Amino acid sequence: MRIGWKETGILLSVSMLASACGKTAGETEKTVLPPEEPKPAVIRLLQDGATMTEEEFQTLVQAPLKAKYPHLTVELQINTKSDEGLQQLVTGGNFPELILTSFSRIAIHREMATSTDLTPLVKQSGMDLNRFDSVPLDTVRKYSKPGELSAIPFSLNFLATFYNKDLFDNFGVPYPPDGMTWDDALETAKRFSRTTGGVQYRGAMMTGLFDLSSQLTLPYFSPETKKVSINTDGWKRMVNLIAQFQLIPGNRGTNLDHFMKEQSVAMMFSYDARFHNLEAVYGTPADFNWDVAQLPSFPERPNVSAGSTGHYLMVSSLGANKQDAFRVIEVLVGAENQKTMTQRGRFTSLKDPAIKALYGQNLKSVQGKNIQGIFKSSFAPPFAGTMHDTKVRPYLQTALNKVIEGQADVNSALREAEDTANRELVLTP
């Protein structure tokens, strides 16, 4: 049978109509369902050995997370009992999904098996680890199990030289420059050791032995002997440095109040948290003329500050919702949130100099200060920490006290401290 042009036109029209509808003749129409809405989920964040105010939690955690993932809610839970508190959470079967902790406690979570290797989640999400400062990541790897990455850096701490400009002017001493060595700083501090008008002036408030020891990357254990190893040249040098500052006449026992309230201390070697102390008195009668400079360094390690301390984010091995927990981490370390955090005076974990340059923009007291001088320093390389490091510290502190009191020289004090620690502590680093 022949088909005429009219019939052909009808068939073509039907064919074209079917094609336009996305299906061929005889095919039934399919219903396209909209994507399912993600189910609401609660992620509990355990604050363990780290600091975060309620206001910071709302601004730096809750707000950016809700903007990105409206179905996710983070609840803050604070561990107030250190290792005992962690053990109670483990045995109680109620361990949170996410952990905010200090760098030194990463090893604690490693030994308690409460940490997760984040390597698969990093790969799956496409997170670029090259965005982060390399030293904090090296610190994480040193504290994690071999070959694993158990934490992501959130915010970092740094040390700086804070100084009272009025005291330097009154005493006719040049301001401390960036690039000072510790010998330079010691000689500068000595020039303020005097009593005038009934006021005892002091050269420097020194940071603690264990804050500063990371500047020389000083471990507490020997990896070869698996024993306490603190009778070393590095520890001798560090104990001797702290003791020299304490032994400047009138300088011993210098504290934050001497710098902030009495304003009788010329310099303060301390953490970035001091910016918030200074912000609190800005524009009040307690305010004074101050500035900052780079932390002094050792001659063989110029422009090297202390090690990378700070706060790190971990996914708990005991939490069921690891995917959403890692999504929270991605938001918290994202560029926009890190910008906000840095402007507020919490230092970024990212290496982007443009973000670092934003440091303290929202703090009125910081404007016009030598902030960029601080960032001339890099973090000291980390050592392989153990969960027992804190148990060795009292022996080192005792040794330092004996040197300051004149009860022993540094060699004898540290030899005794090491022998006593190895005798009294039964440890498996």
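Author: In this predicted model, helix 2 passes helix 14 in a right-handed crossing. Helix 2 covers residues 54-68 and helix 14 covers residues 335-343, and their axes come within 10 Å, crossing at roughly 155 degrees. Since angles over 145 degrees count as roughly antiparallel, helix 2 and helix 14 are therefore roughly antiparallel to each other. On the side of helix 2, the residues that take part are Thr-59, Leu-60 and Pro-64, and these meet Asn-337, Thr-340 and Met-341 of helix 14. Sorted by class, the contact of helix 2 with helix 14 holds three nonpolar and three polar residues, with no charged residues.

The second pair is formed by helix 10, residues 233-246, and helix 17, residues 389-405, whose axes come within 9 Å and cross at roughly 50 degrees. Helix 10 contributes Trp-235, Val-239, Ile-242, Ala-243 and Gln-246 to the contact, while helix 17 contributes Leu-396, Leu-400, Val-403 and Ile-404. By class, the contact of helix 10 with helix 17 consists of eight nonpolar residues and one polar residue, and charged residues are absent from it.

Terms used
Residues are numbered from 1 along each chain as its sequence is written. This is a predicted model: local features need pLDDT of at least 70, side-chain atom pairs count only at pLDDT 80 or more; totals for chains, interfaces and linings use all residues. Side-chain values use heavy atoms; hydrogens and water are left out. Axes are lines fitted to C-alpha atoms, for helices over the stretch in contact, and angles run from 0 to 180 degrees between N-to-C directions. Helices (H or I, at least four residues) and strands (E, at least two) are DSSP runs, numbered from the N terminus. Contact means heavy atoms within 4.5 Å. Ala, Val, Leu, Ile, Met, Phe, Trp, Tyr, Cys and Pro count as nonpolar, Asp, Glu, Lys and Arg as charged, and the others, Gly among them, as polar. Angles under 35 degrees count as roughly parallel, over 145 as roughly antiparallel, 65 to 115 as roughly perpendicular and the rest as oblique. A crossing is left-handed if the near helix is turned anticlockwise from the far one by less than a right angle, and right-handed if clockwise.
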